[in-house]
Amino acid sequence: ESEGRNQLLMVTLIWFLWSERNNVREEGRRRSADTLARSIKLYVAEISKTQGDGKRRTETTKEKWSRPPEGVLKLNCDASYMADSNTGSWGFVLRDSDGDVVLSGRGRINHLVLSAFHAQVIAALQGVQAALSLGVSRLILETDALMLQQELASKESFAKPEGGLVKELKSIVSTNFSFFCL
């Protein structure tokens, strides 16, 4: 088992280094060693979790939505991205501790969408701004976008074109919510 994890780690490391090399060569952007290490660690953990004991599974387990604590709202957001037209859409649901929908929203992004990550940031930003407009001060953000989770948890600046939106989202969260978690 340990040998299999080491092999997975090595293959992932090589893949991330190759991808980073291409990003530097094509876009002139370089991520820090800490960011790369964190991404590799999370990626390997995610793959290991899905592989489990290596046996093929016929049943799938769905993670059930969990209610937020009393006095806290939970924001679930997601987005789509169509690479052929550089468009997308976003949506969010804000629920209370009883599981009742407090607010929901959705929209299209008809202008230039740079990536799936860009669409995910827009979805989170729309949801957070909507929660803020309701006067919410205690919020849990739930998203399946691993890269967005990493960037919101990171202290570093995001050095891609979407970096301005990530910075704006972090700023809104840090200055307007007394409680915020992912």
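Lys 74 is buried, at a relative accessible area of 4% (buried means under 20% relative accessible area, exposed over 50%, and partly exposed in between, with a 1.4 Å probe and protein chains only). The model is a predicted one, in which local features need pLDDT of at least 70 and side-chain atom pairs count only at pLDDT 80 or more, while totals for chains, interfaces and linings use all residues. Residues are numbered from 1 along each chain as its sequence is written, and side-chain values use heavy atoms, with hydrogens and water left out.

Lys 74 belongs to strand S1. A polar atom of its side chain lies 2.7 Å from the backbone oxygen of Ser 66. Beyond four places in sequence, Lys 74 touches Trp 65, Ser 66, Pro 68, Val 93, Leu 94, Arg 95, Ile 140 and Glu 142 (contact means heavy atoms within 4.5 Å).

Asn 76 is also found in strand S1, which covers residues 73-82. Asn 76 counts as buried because its relative accessibility is 19%. The side chains of Asn 76 and Glu 142 are joined by a polar contact of 2.6 Å. A polar contact is a pair of N or O atoms within 3.5 Å; within protein, one must be able to donate a hydrogen and the other to accept it, and residues adjacent in sequence count only if both atoms are side-chain atoms. Residues up to four places away aside, Asn 76 touches Trp 65, Gly 91, Phe 92, Val 93 and Glu 142.

Ser 104 lies in strand S3, residues 101-109. Ser 104 counts as partly exposed, at 48% relative accessibility. With neighbours within four places in sequence left aside, Ser 104 is in contact with Phe 92 and Val 93. Ser 104 and Gly 127 are 23 residues apart in sequence; their C-alpha atoms are 8.2 Å apart.

The protein has five helices and five strands. Helices (H or I, at least four residues) and strands (E, at least two) are DSSP runs, numbered from the N terminus. The order of elements from the N terminus is α-α-β-β-β-α-β-α-α-β. Of the 182 residues, 35% are buried. Among contacts with a separation of 6 or more, 64% come from residues 24 or more positions apart.

Helix H1 spans residues 2-27. Its 26 residues reach 36 Å from first C-alpha to last, close to the expected 38 Å at 1.5 Å a residue (the expected span is 1.5 Å times one less than the number of residues). Buried residues in H1 are Leu 8, Thr 12, Phe 16, Glu 20, Asn 22 and Asn 23.

Helix H3 is largely enclosed by the rest of the structure, because 13 of its 18 residues are buried. Its end C-alpha atoms are 26 Å apart, which agrees with the 26 Å that 18 residues should span at 1.5 Å a residue. At the start of H3, a side-chain oxygen of Ser 115 comes to within 3.3 Å of the backbone nitrogen of Phe 117. Just after H3, Gly 135 has a positive phi of about 85°.

The axes of H3 (residues 116-133) and H4 (residues 146-153) come within 9 Å and cross at roughly 65°. Axes are lines fitted to C-alpha atoms, for helices over the stretch in contact, and angles run from 0 to 180 degrees between N-to-C directions. Phe 117, Gln 120, Val 121 and Ala 124 of H3 meet Met 147, Leu 148 and Glu 151 of H4.
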